[in-house]
Amino acid sequence: MNASSTDRLTIALLFLFALFVFSSTFSIALSQSSLGLSLLLFIVIAAKGDRSGFDRRLKWFWLAVALYVGWMLLAAMAGGKFLHSLDSMREEWLFSIVLVGIFLIHKDDKNADRLIAILAVAQILVMLYSLGLYLDKVYINPRYTEPLTSDQVVRIRGNFSHPLTFGNYTGTAALFMFGYALAAHQRMATWMRRLILSGGVAAMLCTLMSNSRGPIVAVLIGLVIMLFFLRRRKLLIGIVLLLSLGAASLLTETVRARFTAGHRTGIERHIGMYWQGSRRFIWTNSLKVIRENPVIGVGPGNFKEAYQEAVEGELHPMHRYGHAHNDLLNVSAQGGLVGGAAFGLMWLSVLLYFWIGYRRAGPGSAARARSLAALLGSILFLGTSVTEATFVDEEVRALLMFIWAIGLSPWYKQGEQGFPVERQDFS
């Protein structure tokens with residue numbers, strides 16, 4: 001294949017992948033369709049001989065991914081429902097986002113800025129749409145508002161199936177874009193930095209409108225962590241963002257009610273065992289599943305049946321959950337303690353890549369901005385996965401894989417342009 005033909009295919013790949021990033025904020029169907037086409041085109045380009053972007057520097061990450069996926073396949077075979085388990089593992093194909101994203105950034109370093117700017121634009125549009133829904137449900141037509149969940153309070157879900165998915169997505173996107181904008185490299189245009197920061201603010205507002213406790217708390221904690229990486233004027237911006245979200249959470253009655261003890265939608269019912277939907281109830285019985293299947297687990301996709309057997313007494317149909325509402329517990333139940341360890345090892349490897357990349361890169365460099373943004377976005381995702389199995393939520397998982405592609409991309413530049421190793425003060 002000649003160079004011009006390869007260039008045309010790469011441009012087409014960039015367009016499809018950008019469509020995936022844009023549509024991931026509102027449509028799982030469009031985003032995964034465009035991602036599927038991106039993957040096919042990527043395979044064609046690689047088969048024709050263009051393997052730029054493949055490099056041994058990320059071998060520990062890919063080995064950890066292979067160990068995790070391989071063990072879950074073994075658990076699927078041992079679980080007795082192999083085809084069913086394979087179907088439940090379909091989210092694993094989203095690891096391809098990391099490959100395609102790194103390839104595109106390797107071809108043109110500016111693609112990282114472009115793709116994140118596209119995410120910011122999409123998030124701003126989703127925020128405007130969500131704000132219209134919120135104003136209508138709370139102020140314009142409150143009498144005709146249909147509750148979105150059993151909580152009987154207004155919770156905006158964007159165009160997703162559940163407010164919690166919406167909140168987890170937008171919270172992760174918010175910290176990722178804040179990190180990228182506030183650690184922006186010196187070559188980034190001012191307007192683009194402001195656009196990405198605005199996208200982060202829009203995502204934070206969407207998290208608040210989702211009225212989901214886990215994402216709101218995770219963003220608050222994530223903003224506190226972010227402050228340790230900032231200096232001078234950027235630190236002030238971070239403090240303003242933190243105080244703004246905290247004040248908005250306290251002053252918004254419907255949000256405040258979700259954290260109030262004694263309120264019918266408050267947090268109190270989640271720390272007791274009397275309600276089958278409480279996190280304590282779910283985690284306690286999920287641990288029973290793990291104890292009964294400690295080595296190989298029950299197999300991917302078999303949690304629901306095993307969970308029902310673990311619960312003593314009659315389980316209400318509404319609470320026959322398909323996951324453990326915690327990523328580590330969920331993986332450990334389906335893949336055993338070895339599967340949980342492999343899952344933890346994969347996370348440890350990617351976080352270490354981001355941290356080392358951040359420490360080695362010089363202030364004002366693209367590598368530092370990408371590493372910090374990916375680190376903050378991943379920490380936020382981990383925060384949401386304490387109370388929800390976010391890793392099996394396709395919309396949020398797809399965003400995480402894009403974030404990982406951004407954060408891992410600087411490692412492919414070490415041999416060509418040099419990875420600055422000076423350890424100067426934080427930006």
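Colleague: Which residues in helix 9 and helix 15 meet?

Modeller: In this predicted model, helix 9 contributes Pro215, Ala218, Val219, Ile225 and Met226, and their partners in helix 15 are Leu376, Ile379, Leu380, Gly383 and Thr384. Sorted by class, the contact has 8 nonpolar residues, 2 polar ones and no charged ones.

Colleague: How do I read the geometry of such a pair?

Modeller: Two packed helices are described by two values, the angle between their axes and the distance between the axes. Here the axes of helix 9 (residues 213–227) and helix 15 (residues 366–384) come within 9 Å and cross at roughly 145°. The crossing of helix 9 and helix 15 is right-handed.

Colleague: What does helix 12 reach from its first C-alpha to its last?

Modeller: Helix 12 spans residues 279–292, which is 14 residues, and its end-to-end reach is 20 Å. That is close to the 20 Å expected at 1.5 Å a residue.

Colleague: Which residues of helix 12 are buried, and what do they pack against?

Modeller: The buried ones are Arg279, Phe281, Ile282, Asn285, Ser286, Val289 and Ile290. Packed against the buried residues of helix 12 are helix 7 (163–182), helix 13 (303–310) and helix 14 (327–360).

Colleague: How many residues does the largest nonpolar core have?

Modeller: The largest nonpolar core has 107 residues. Those with the most contacts inside it are Phe17, Tyr68, Leu223, Met346, Phe391, Phe402 and Trp404. Take leucine 223 as a case: leaving out residues up to four places away in sequence, leucine 223 touches Leu175, Phe178, Met204, Leu241, Leu242 and Leu245. There is also a second, separate core of 15 residues, and its members include Phe281, Ile290, Val311 and Tyr321. Phe281 and Ile290 are among the buried residues of helix 12.

Colleague: Where do asparagine 211 and arginine 232 lie?

Modeller: Asparagine 211 sits in the loop between helix 8 (190–210) and helix 9. Arginine 232 belongs to helix 10 (residues 232–251).

Colleague: Is asparagine 211 buried or exposed, and what of arginine 232?

Modeller: Asparagine 211 counts as buried because its relative accessibility is 1%, and the cut-off for buried is under 20%. Arginine 232 is exposed, with a relative accessible area of 74%.

Conventions
Residues are numbered from 1 along each chain as its sequence is written. This is a predicted model: local features need pLDDT of at least 70, side-chain atom pairs count only at pLDDT 80 or more; totals for chains, interfaces and linings use all residues. Side-chain values use heavy atoms; hydrogens and water are left out. Axes are lines fitted to C-alpha atoms, for helices over the stretch in contact, and angles run from 0 to 180 degrees between N-to-C directions. Helices (H or I, at least four residues) and strands (E, at least two) are DSSP runs, numbered from the N terminus. A crossing is left-handed if the near helix is turned anticlockwise from the far one by less than a right angle, and right-handed if clockwise. Contact means heavy atoms within 4.5 Å. Ala, Val, Leu, Ile, Met, Phe, Trp, Tyr, Cys and Pro count as nonpolar, Asp, Glu, Lys and Arg as charged, and the others, Gly among them, as polar. The expected span of a helix is 1.5 Å times one less than its number of residues. Buried means under 20% relative accessible area, exposed over 50%, partly exposed in between (1.4 Å probe, protein chains only). A nonpolar core is a set of buried Ala, Val, Leu, Ile, Met, Phe, Trp, Tyr and Cys residues joined through side-chain atoms within 4.5 Å.
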